[in-house]
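Reader: Please take me through this structure in short questions and answers.

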Amino acid sequence: MPKCPACNNDVRAPSFLNLDAWTHLQCAHCKARLEMIPPRSFFLGPLMAPLFVLARQGRVFEVIAFAYAFLTIFLVLFESLRPKLRLRKKPLAKPVVQLKIDGPAE
Ligand SMILES: [Zn+2]
């Protein structure tokens, strides 16, 4: 279970795919707003495409490309199971259009 960086208590992290829950994540103990530190392995992803282009050049490149792809997927899965948290600094995005629902009736 990830720890709150502000008060060091356990935080119940939502599922990795539940993005809405992540945007509203708050520490239950100190009410600090939290966000996930993006997994470092995400940055390995963009290299996958050129490697698969290289893979057409021969058997050796093919093996390297597949090994790299498997390693990247494994690392992303591994890191997403153990998310790290940091304090959210940016305020939540405000809705651009504000509806005047409770204005005076005409
Ligand atoms: Zn806390």
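Reader: Is N8 buried or exposed?

Author: N8 is found in the segment before helix 1; helices (H or I, at least four residues) and strands (E, at least two) are DSSP runs numbered from the N terminus. Buried stands for under 20% relative accessible area, exposed for over 50%, and partly exposed for values in between, with a 1.4 Å probe on protein chains only. Since the relative accessibility of N8 is 55%, N8 counts as exposed.

Reader: What kind of model is this, and what is left out of the side-chain values?

Author: It is a predicted model, in which local features need pLDDT of at least 70, side-chain atom pairs count only at pLDDT 80 or more, and totals for chains, interfaces and linings use all residues. Residues are numbered from 1 along each chain as its sequence is written, and side-chain values use heavy atoms, leaving out hydrogens and water.

Reader: What is the phi of N8?

Author: Most residues other than glycine have a negative phi. N8 is not a glycine, yet its phi is positive, at about 70°.

Reader: Where does K31 lie, and is K31 buried or exposed?

Author: K31 sits in the loop between helix 1 and strand 1. K31 is another residue other than glycine with a positive phi, near 65°. Its relative accessible area is 53%, so K31 is exposed.

Reader: In what order do the helices and strands of the protein chain run?

Author: The secondary structure comes to 3 helices and 2 strands. Read from the N terminus on, the order is α-β-α-α-β.

Reader: What share of the 106 residues counts as buried?

Author: The cut-off for buried was given above. Of the 106 residues of the protein chain, the share that counts as buried is 24%.

Reader: How many residues apart are C4 and C27, and are they buried or exposed?

Author: C4 has 1% relative accessibility and so counts as buried. C27 also has a relative accessible area of 1%, so C27 is buried. C4 belongs to the segment before helix 1 (19-23) and C27 to the loop between helix 1 and strand 1 (34-36); this pair links distant parts of the chain, and its separation is 23 residues.

Reader: Which residues is E35 in contact with, apart from its neighbours within four places in sequence?

Author: E35 is found in strand 1. At a relative accessible area of 17%, E35 is buried. Contact means heavy atoms within 4.5 Å. With neighbours within four places in sequence left aside, the partners of E35 are K84, L85, R86, L87 and R88.

Reader: How far apart in space are K84 and C4?

Author: K84 lies in the loop between helix 3 and strand 2 (85-87). Leaving aside neighbours within four places in sequence, its contacts are E35, M36, I37 and R40. K84 and C4 are 80 residues apart in sequence, and in space, C-alpha to C-alpha, their distance is 9.0 Å.

Reader: Is E79 buried or exposed?

Author: E79 lies in helix 3. Beyond neighbours within four places in sequence, E79 is in contact with P39, R40 and S41. Its relative accessibility is 17%, so E79 counts as buried.
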